[in-house]
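Let's take a walk through this one together.

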Amino acid sequence: MKAKLGVSLSLLALLCVGWQMPGVAKQIGDTSKPAGLDAHETHASVSLLGQVRTNLSSWLWLKSDLYLHNGVEMRPLTEDEKKRGVQVQAPADDGHEQIHAESEVTIVPAKESDFRGWFGDLDRATNAYKDMQHHTHNDPMAALPLFRLMTWLDPQFTPGWTTGATIIARDTSKRGTYDALNFLADGLRANPDSVEVLVEIGYLHLTRRGDKQVAAEYFEKARGAGQMNVKTLDEDERDAFEQSYRWLALCYRDLDQHEAMRGILAEGLAAFPDDPVLAHLESAAPLILTEKGQRAWLERERKKAAKH
Amino acid sequence: MKFRIYKALARGVLLETIRRKDLWVVAILGFLIMVAAGGLGLYGMQGLESFAKDLAVSVLGLFTTILAVMNSSRLLPEEIKQRTLYPLLARPISRMDLLIGKYLGAVLATWIAFAILSITTALALVIFGVHFELIMVQYLFAKMLGLAVLCAVTLSFSLYLTPAAAATLSFILAFGSTMIIRALVLANDGASPATAWLFKGINAFIPQYGLFDFGGRVANIGWAPVPLWVLGSLVVYAAVYSAASLAVAWVGFRKKAI
């Protein structure tokens, strides 16, 4: 028994020492993000604890969506349903913005599309089911504690930070903006290279505080972070990287820094040649034209950009 | 007269459950729930009521399902394996009586475990100031019906399969039947008439455990209590399905060479 304990402790000690060896530490503690893999999952792969945290935060993410619909589970239309032209009723107007895609239906089927008869009736009566006409959403604010919990459990889960901040910022008062920026500041401390978090901070400074200068600083940081990790950005981060160019160009335009704006547009279009907003900003209508002429000119340019 | 036989047999199952310390496991799990809830409480419960209730019903559903299946799947095979069935059958007890008595014992043990876990989770929820609604009482009632069906189905499987296989199949149905039914509903659209009839048959045959779980309504806010006709229908369905499962079990048990 003692021998077994000794061997176990020796192996554990060896593992601890080995863990710290430069070659091993580099592999297990590598924070860079391989291309095509989600940064979040990559982080989780380094340890079992990370995996548990990731699973928990992902589970909470799904739960937050479920609570938003008051327990009514939704699903997107299948390809077959789309081909057959299945119609989706719009949800009831509950004063909130359209939250989910129009092509979503409830997982528990409506009576008219359910072959189960009596069983179907019982299913609708016992499960959290509402037909789409009576489908409303809870105030997203109610899900906020879940976002705090998921980011506390897994600080590298950037969608938790950005979506949580969006929910806090639904309160358009100064206090709401302040709280949202504080929340994002915590997110930035945990994810200093996150393009998404940086863009979200810049966006709030621009749209809520009207501080173009500070906003531009954050968009610049986002641009820098995007360039630094351009090969390893996931889809969401890449999208935020593209947005950083758009917002930066707009900020420089409004700050009368036209040279900087042109530089950003050229760089942005080189990275995202199909971006219609950047293309549109690059070819702003000449001021010599009348308002009507400017609109026609912009329309032509938009069509051109769309063609490309 | 029969009632006394059933009572004695059920009591035996219950004592065996206590002897095997299954109920101790439940009590420890309950304690762990309280500890975990305490951890969540430290974080602050404001706004997390739905989450806490959701967690509570998920834990209740998961643990009681495991207990019901594990308990029911080994009842008769162990009696046969350990040859303790002979002294039982030497008494004026028919195999049918034995089956019913064992089934009632399994249901009783499962319900007691469910009650222990329910009380623990309810205490945890009360501590955090979660409001109770009428639908929660309905949830407990429906869940008990569902557990009774689960015990009958598992007991039936255990007479045709090994205890491990019976437990596995029961778990697949307990956790997957809702998913299978949702898949049938999706696949039914655009299916040929023959396939549609096949789907109807599978839907009628498969145990509909999802109907007994009001967890989705309990966890969220403002859901009205389930109408009485629904509760009545569930009682009828549970009685019919359990009776059918026990009948299938009896056919297997009657032919079983012991």
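Predicted model: local features only at pLDDT ≥ 70, side-chain atom pairs only at ≥ 80, totals over all residues.

In chain A, helix α12 covers residues 235-254 and helix α13 covers residues 258-271, with axes that come within 8 Å and cross at roughly 165 degrees. Angles over 145 degrees count as roughly antiparallel, so that is how α12(A) and α13(A) lie to each other.

Chain A has a mean pLDDT of 77, with 73% of its residues scoring at least 70. Two stretches of chain A call for some caution. Over residues 19-41 of chain A the pLDDT stays under 50, and the model gives this stretch 23 contacts beyond four places in sequence. Residues 95-101 of chain A are also below 50, with five contacts beyond near neighbours in sequence.

For chain B, the mean pLDDT is 88, and 96% of the residues reach 70 or more.

Now back to chain A as a whole. Its secondary structure comes to 15 helices and two strands. Chain A has 308 residues, and 34% of them count as buried. Take the contacts in chain A between residues at least 6 apart in sequence: 57% of them join residues at least 24 apart.

| Helix pair | Axes come within | Crossing angle |
|---|---|---|
| α5(B) (residues 95-127) and α6(B) | 9 Å | roughly 140 degrees |
| α6(B) and α7(B) (residues 163-188) | 8 Å | roughly 145 degrees |

At that angle, α5(B) and α6(B) are therefore oblique to each other. The crossing of α5(B) past α6(B) is right-handed. Among the residues making this contact are Tyr103(B), Trp111(B) and Phe114(B) of α5(B), along with Met144(B), Leu147(B) and Cys151(B) of α6(B). The contact of α5(B) with α6(B) has twelve nonpolar, two polar and two charged residues.

α6(B) also passes α7(B) in a right-handed crossing. Here Leu150(B), Val153(B), Thr154(B), Phe157(B) and Ser158(B) of α6(B) meet α7(B) residues including Pro163(B), Leu169(B) and Leu173(B). By class, the contact of α6(B) with α7(B) has eight nonpolar, three polar and no charged residues.

Finally, see where the chains meet. How many residues of each chain are in contact with the other? The count is 25 residues of chain A and 31 residues of chain B. On the chain A side, α4 (48-68), α6 (118-126) and α7 (144-153) each supply at least two residues. The largest share of that side, five residues, comes from α6(A). Sorted by class, the side of chain A that touches chain B has 13 nonpolar, six polar and six charged residues.

Conventions. Residues numbered from 1 in each chain as written. Chains lettered and ligands numbered in written order. Helix = DSSP H or I, 4+ residues; strand = E, 2+ residues; numbered from the N terminus. Buried ≥ 20, exposed ≤ 12 C-beta atoms within 10 Å, placed from the backbone. Contact = placed C-beta atoms within 7 Å. Axes fitted to C-alpha atoms, helices over the stretch in contact; angles between N-to-C directions. Parallel < 35°, antiparallel > 145°, perpendicular 65-115°, else oblique. pLDDT = per-residue confidence, 0-100. Nonpolar A, V, L, I, M, F, W, Y, C, P; charged D, E, K, R; others polar. Left-handed = near helix turned anticlockwise from the far one by under 90°.
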